[in-house]
Amino acid sequence: TSSKSTNCTIHWNVTYTTMFSNKKSHRAFLESLDRPLSALALNCCQFGCCIADQLPDGDFVAAAAEHCDWMTQLSKVSPDLKLRDLVLPGSHDSASYTVPKTKLFSAVALTQNCSIGDQLRRGIRYLDLRVAGSGDNAQDVYIYHGFLKGGLFTSVLDEILQFMEDYPTEFVFLDIVQEYGRDFTPSQKQYMLQLVQLKLGSKVYKENNKRKCIQEMTLEHICNPGTPSCVVTLHSRFYNFQYQNDEYSENFIVEKYGFFKNSRWFHNQWHNTRDIETVLEGNKTEVTKHCNHHDKMLCNQFVLTPGVGGPMDVLKLLIGNLSLRPISFSRALYKRDVLDKWLRDNAEDAWNIVMLDFIDLVPALLNFLISLNFPQSIQITEATVQECGSLAGEGGQNVTSQLLSSALMKRNQKSLYLVNIPQDLGLPYLEGVLKITYAVEGQEETKVLEIDFDETTEIVVSQYNSQNNQSMIHVN
């Protein structure tokens, strides 16, 4: 990597070393394991430790894979934005990774690989935390997914607190849900509320004024040191219990703790399906329905739910043609020509919170979603592509017009997202070198990006990436 004051040339070509010849063959091998490991006839216990290692479907490794302070950076270039204006990555069943992988059917419970701290550092700003009690001890409040118990809730709060102390000018939504069908005694509920209050204290936004928080407060104000760093919301199952002569109603909890009912803050539709098209169409309907309703945050769940529909499904589960494991469905959704391409094609819609499983498997998509928030456009002056194996002196094919098309350049040319370079550019070959010369609107510096690519390479070019020098790396 070399840089000059007026011209920055970046050539990414990182060698991939493993027992496999390349990442593509490694990915194919791991994918081949999914069916036998899903089959109940072979893996009837569905241990989480039997899930094969996972790789993103595309090759995108940013120079800094983390997005620890992206909201703070955004506040410096778009200080007047409001929370309802932003595209915020969120995680579904955020703490399910705490379920021990040696437990029976733990593979069915796992929806995240990364810790809470890692998720936040990767840019997640909405956490979906499922909790319940265990036993009679008031302090036995644990993470749950279904009937499977994970780690102590207090440990999860410690990670959240650590992130807020490390990055005090970021903002997070904490949506705490009592897991359906699980016991939760009044003393455990009261302890949980006290615990959140004790751990997070002044970092919680407690003013009972939703409109002010999501529609009026500017990012400049939100990202000021000393300003509250989170909103805490609770599912309706938390309310209306008695403890030590107090009735824990919605109003009582708001007044005593400053925590709010989640249905008053979020439009949040669970689609309850394992069908990809149903999830995509359902989220399109939701964003269209609520695009002009800024009274609540809009949470779109791009989540597939395993299920059994009848005797034929049971047979498919036995032989591995169907899976109960969320990871199997996420792998299908995260194919490069599915969710990432669909969200790119629909990037002009008013997305707000985008909720995902296994956020570590979509690094390029997370980067793209964050990039959509940044205001300056990308001005591409020239782009050429040359087939792999061509002589160095040969002139490349000019693809500037393809890159500037509305199909690839989104939100008034603020973000360029290539999910499959040969396909996106209409190339007759699968491997080559792409060279892009561009500048960010309002900046004199010109950047030249030169990337070795194949059909698995993913690229995001935006103001956000440009100012962080993390446009892309291609891993061979």
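This is a predicted model: local features need pLDDT of at least 70, side-chain atom pairs count only at pLDDT 80 or more; totals for chains, interfaces and linings use all residues.

In which strand is Q301 found?

1. Q301 belongs to strand β13, which covers residues 297-302. The residue is buried, because its relative accessible area is 8%, and the cut-off for buried is under 20%. Leaving aside residues up to four places away in sequence, Q301 touches N268, Q269, W270, H271, V279, N283 and M355.

2. Next, the helices. The axes of α5 (residues 153-166) and α6 (residues 186-200) come within 10 Å, crossing at roughly 25 degrees. Angles under 35 degrees count as roughly parallel, and α5 and α6 are therefore roughly parallel to each other. Their crossing is right-handed.

3. Which residues make the contact between α5 and α6? On the α5 side they are F153, T154, L157, D158, I160, L161 and M164, and on the α6 side M192, L195, V196, K199 and L200. By class, this contact of α5 with α6 comprises nine nonpolar residues, one polar and two charged.

4. Finally, the strands. β17, β18 and β21 form, in that order, an open sheet of three strands with antiparallel pairing. Its edge strands are β17 (409-410) and β21 (459-462), each of which pairs on one side only.

Note on methods:
Residues are numbered from 1 along each chain as its sequence is written. Side-chain values use heavy atoms; hydrogens and water are left out. Axes are lines fitted to C-alpha atoms, for helices over the stretch in contact, and angles run from 0 to 180 degrees between N-to-C directions. Helices (H or I, at least four residues) and strands (E, at least two) are DSSP runs, numbered from the N terminus. Angles under 35 degrees count as roughly parallel, over 145 as roughly antiparallel, 65 to 115 as roughly perpendicular and the rest as oblique. A crossing is left-handed if the near helix is turned anticlockwise from the far one by less than a right angle, and right-handed if clockwise. Contact means heavy atoms within 4.5 Å. Ala, Val, Leu, Ile, Met, Phe, Trp, Tyr, Cys and Pro count as nonpolar, Asp, Glu, Lys and Arg as charged, and the others, Gly among them, as polar. Buried means under 20% relative accessible area, exposed over 50%, partly exposed in between (1.4 Å probe, protein chains only). Two strands pair if DSSP finds at least two bridges between them.
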